[in-house]
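Here is a colleague's note to read beside the structure. Please keep the sequence and the model in view while going through the points.

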Amino acid sequence: MISVSNLTKVYKLGSVEVRALVDLSLALEAGGVTCVMGKSGSGKSTLLRQLGLIDRPTSGQIFFDGEDVTRLSDGARARMRLTYLGYIFQEFALLGELTAHENVYLPGMMLGGKTHDHRKRAVELLAMVGLGERIHHKPKELSGGEQQRVAIARALINNPRVLFADEPCANLDTISSEVVMQTLLKLNKELGITIVFVSHDPDDKKYAGRLIYLKDGKQVEEYL
Ligand SMILES: Nc1ncnc2c1ncn2[C@@H]1O[C@H](COP(=O)(O)OP(=O)(O)OP(=O)(O)O)[C@@H](O)[C@H]1O
Ligand SMILES: [Mg+2]
């Protein structure tokens with residue numbers, strides 16, 4: 001469903017070039033759970049940002065269902081991001097002045113439709129991630145694990161087919177991490193959402209059906 005061909009991302013800082021991804025080619029199975037691992041600076045976040053259409057590669061292609069999304073206009077990419085993809089960040093990225101409920105239904109309104117429907121769906125999603133009793137709490141009134149589950153509910157509001165999560169548990173304790181990972185696995189099993197997550201923790205391999213190990217912006221076979 002998602003494939004990457006000769007993907008290269010070079011960051012230029014003045015005269016210095018950082019080759020964050022180098023000629024990377026790979027394919028991700030639809031409906032699977034993939035873990036991206038590698039040392040700090042190996043290109044994990046860069047890869048996720050290209051796949052999540054948050055950033056554009058320097059060269060190479062990304063195909064969704066055979067369509068080359070690197071050729072799309074910014075507007076078409078934004079629409080695809082909103083319609084098909086969900087993104088979860090290490091630092092949750094919730095809006096602090098809004099309640100959990102408001103944080104979740106807001107991105108739904110960006111695609112139009114009835115506010116009432118988005119509000120209702122947001123309540124259902126918050127219940128699905130185990131936060132039915134917390135919908136009127138603001139982020140600072142929630143634990144880290146709860147905030148991350150609000151972020152997961154928010155990522156689901158437009159029924160994405162793929163969820164990207166960049167170190168979703170890096171700021172969480174062991175128990176909250178397990179809850180967040182089990183929530184992602186449940187979405188994969190019950191809704192068939194394709195999950196691609198980044199982790200530093202070798203133990204997290206157990207959650208994934210597929211491991212992509214990056215070293216210096218290239219994929220290496222063995223887990224080092
Ligand atoms: N906006 C940027 N401008 C310049 N260089 C960047 C930028 N973003 C990342 N880099 C560089 O690209 C390389 C890959 O960075 P990336 O953030 O993808 O690594 P990572 O594997 O996610 O690391 P970490 O585990 O620390 O999150 C690093 O050398 C980094 O310094
Ligand atoms: Mg990173």
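The points below go from the basis of the note to pockets, helices, loops, salt bridges and the surface.

1. Basis. This is a predicted model, in which local features need pLDDT of at least 70 and side-chain atom pairs count only at pLDDT 80 or more, while totals for chains, interfaces and linings use all residues. Residues are numbered from 1 along each chain as its sequence is written, chains are lettered from A and ligands numbered from 1 in the order in which they are written, and side-chain values use heavy atoms, with hydrogens and water left out.

2. The largest pocket. About 450 Å³ of space lies in the largest pocket, and of its 18 lining residues L82, L85, Y87, P107 and R154 are the closest to its centre. A pocket here is an open set of points on a 1 Å grid over the protein atoms alone, where a 1.4 Å probe fits, with protein on both sides within 12 Å along at least five of seven lines, and lining residues have an atom within 4 Å of a point. The volume is the space filled by probe spheres set on the points, which are joined across faces, edges and corners. At least two lining residues come from each of α2 (74-84), β6 (85-88), α3 (100-109) and α5 (144-156); helices (H or I, at least four residues) and strands (E, at least two) are DSSP runs, numbered from the N terminus. The lining holds 12 nonpolar, 4 polar and 2 charged residues, where Ala, Val, Leu, Ile, Met, Phe, Trp, Tyr, Cys and Pro count as nonpolar, Asp, Glu, Lys and Arg as charged, and the others, Gly among them, as polar.

3. The second largest pocket. Its volume is about 250 Å³, and among its 18 lining residues C169, S177, S199, D201 and D204 lie nearest the centre. Helix α6 gives the most to this lining, with 4 residues, and the lining as a whole divides into 7 nonpolar, 4 polar and 7 charged residues.

4. Helix α1. Because 6 of the 8 residues of helix α1 (residues 44-51) are buried, this helix is largely enclosed by the rest of the structure. Buried means under 20% relative accessible area, exposed over 50%, and partly exposed in between (1.4 Å probe, protein chains only). The buried residues are K44, T46, L47, L48, Q50 and L51, and α1 is followed by L53, whose phi is positive, near 60°.

5. Loops with positive phi. F92, in the loop between β6 and α3, has a phi near 70° although it is not a glycine, and this residue counts as buried at 10% relative accessibility. N159, in the loop between α5 and β7 (162-166), likewise is not a glycine and has a positive phi of about 55°.

6. Salt bridges. The count comes to 7 salt bridges, each being a side-chain nitrogen of Lys or Arg within 4 Å of a carboxyl oxygen of Asp or Glu. D65 and R161 meet at 3.2 Å, N to O; D65 lies in the loop between β4 and β5 (67-68) and R161 in the loop between α5 and β7, so the pair ties together parts that are 96 residues apart in sequence. R134 pairs with E146 at 3.6 Å between the closest N and O atoms.

7. Surface. L13, in strand β1 (residues 2-13), counts as exposed at 62% relative accessibility.
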